[in-house]
Amino acid sequence: MMIDSQATHASRDEAAPSDGAVFELTDVACSYGGLTAVRDVTMNLGRNRVTALIGPSGCGKSTVLRCLNRMNELIPGARVSGTVRYNGEDIHAADIDPAEVRRRIGMVFQKPNPFPVSVYDNVAFGPRLNGFRGDLDGLVEDCLRRVGLWSEVEHKLRSSGLALSGGQQQRLCIARAIAVEPDVVLMDEPCSALDPIATLAIEDLIQQLKDSYTIIIVTHNMQQAARVSDMTAFFSVGDADSSGHRAGTLIEFDTTNTIFTNASDQRTEDYVAGRFG
Amino acid sequence: MSTFLDSSDRTERGGPSRTATGHRSLRDKQGNAPWRTIKNRLCTGLLTVAMALGMLPLALIIGYTAYRGAGVLDVGFFVENEPPWRRDGGGYAAGFFGTAYIMLHAILYSVPLGIATAIYLVEYGGGKLAMAIRFFTDVMTGIPSIFVGLFVYGLLIGALGFGTFPAAVAIAIIMLPIITRSAEEMLKLVPDEWRNASRALGAGKATTIVRTVLPAAAPGLATGSMLAIARGIGETAPLILTALGSQVVVTAFTDAAQSAIPLQVYRGINQPFEAGIERAWGGALSLFLLVLIMVILARWIGSRTTKRRG
């Protein structure tokens, strides 16, 4: 796995986080097996805000999300260039442990993926992993309460996490993610496998979690982006290169309100108006 | 279409083709349907006969072994040493003890090694080395077991003498590829979503394997190992060259010929004495029951998993 990083240690120490930004992305590009999936991504993601990444399929929004906690490194052939700074530190620097990056920056996946163990053990997995000493029962209860699942699973903490409904499973996965007390929660289309009622529950939850966490959510659903996010980044597929390959790129990044009502780029306006393609 | 679906000419001739309400009866078969019915019955009959013929040897083996062996099986058969072949009474205590001793060690060597190899293949491998391991594992699965016996004979017997340890090594070599391939399949069945979830919580690769992948695959790994044990427990050829055989219980680990059930059966059936032959049938039946128990246990563990996940 090779990681190109323009940041040197000297510049890393000098770079103070700009006002309220958790992530600063500079010229980020990502490729899989030599094919560029997304490039030219430069943006700052604000603290305690919900940022939505939207755009058509293949525009690289999920790839950008996975760059933020180095999860894309688990895909063979993946390569990142440019800089991703988290609280001013280059997360790809040689002396940074990707496991620590992922502990601080949690992730919720598209398909609910609870472990095939009990509800309790699912939430306790991360804390146990990190050598948590203290009131594990209390922590598990707290996390389940914060995702609004406690009253539903209070009496089946010992039964399998896979026995829950899809929406409950996804909330369990969010509880599992926040149990390691991350600063940021990345969500990769967390509602795409859920019905509208479960989706609404997750959206409400995102609003509540906003106070304690920075949330970055990838969604295909523009109404969802409009409902839950403060900031929206619109990605699209760029122009074809010489070999006909089209990489995704960031088109526009602004407040959600601006993106949806007063977009400055015609492509953004067309997409949010449903005139894409 | 109408030529063969329309049976109006037949209904005009009357017959049982009309229902009480005057509609065409379902019993009035159309076109080539009568011939298709006959063909269907013919083929079903042929397949049933083929199945019965296939099952016959199996049923005969089980039936005849039970018939010949059941009379010998009593408590004494399991706890007494075998007297000289011409004498009645006694039992296969030496064989049961030897088989248990050899299998215990064979399991100890082959199961961890086989599962470790599978972990390498699924979680770390991917290059030429993994391909080579897969290829040679397949080759080893098909290798005649006498070769394995010969190999261990050449490698260990000179230095250690016949006994428990060389026999355990030979059986372990036979079990290893079976465990590796079944464990590989089981680990592949663990969804990547669980690996990703674990990694996203800050677990390293090794931690993810130990805390997420292995527990999820555990019942499958147990089932695969159990089937390998069932295979290993009945092996005779490699034991001839490594354990050599004994009619009394041997507790030595090396340098003392060890007994095993299949070996004792092989020796007993070769003698011109009725008593020894009778005991051999009893040994064969108990070996069959042991394998049966293993396979049922393997199935049971496997079915428990499906229930838990469903």
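A residue counts as buried if 20 or more other C-beta atoms lie within 10 Å of its own, exposed if 12 or fewer, and partly exposed in between, with C-beta atoms placed from the backbone. Keep that rule handy for this tour.

What's on your screen is a predicted model, where local features need pLDDT of at least 70, side-chain atom pairs count only at pLDDT 80 or more, and totals for chains, interfaces and linings use all residues. Residues are numbered from 1 along each chain as its sequence is written, while chains are lettered from A and ligands numbered from 1 in the order in which they are written.

**Stop 1: chain B as a whole**

Select chain B and switch to cartoon view. You'll find 13 helices and 0 strands. Helices here are DSSP runs of H or I with at least four residues, strands are runs of E with at least two, and both are numbered from the N terminus.

Now colour chain B by domain: domain 1 is 1-30, domain 2 is 34-66 and domain 3 is 75-309. Those bounds come from an automatic or database domain assignment. The C-alpha centres of domain 2 and domain 3 of chain B sit 34 Å apart.

**Stop 2: Arg87(B)**

Select Arg87(B), in the loop between helix 4 (75-79) and helix 5 (93-124) of chain B. Is Arg87(B) buried or exposed? It counts as exposed, because it has 11 C-beta neighbours inside 10 Å.

**Stop 3: Leu244(B)**

Move on to Leu244(B), in the loop between helix 11 (237-240) and helix 12 (261-269) of chain B. Leu244(B) counts as buried because it has 20 C-beta neighbours inside 10 Å. Check its backbone too: phi is positive, about 75°, although Leu244(B) is not a glycine. For background, most residues other than glycine have a negative phi.

**Stop 4: helix 2 of chain A**

Hop over to chain A and pick helix 2. How many of its residues are buried? The count is 8 of 8, so this helix is mostly covered. Among them are Lys61(A), Val64(A) and Leu68(A). Just after the helix comes Arg70(A), with a positive phi of about 60°. Arg70(A) belongs to the loop between helix 2 (61-68) and strand 4 (78-86) of chain A, and it is buried, with 25 other C-beta atoms within 10 Å.

**Stop 5: where the chains touch**

Finally, show both chains. The contact takes 15 residues from chain B and 21 from chain A; two residues are in contact if their C-beta atoms, placed from the backbone, lie within 7 Å. On chain B's side, helix 9 (192-200), helix 10 (205-233) and helix 13 (274-309) each supply at least two residues. Helix 9 of chain B gives the largest share, 6 residues.
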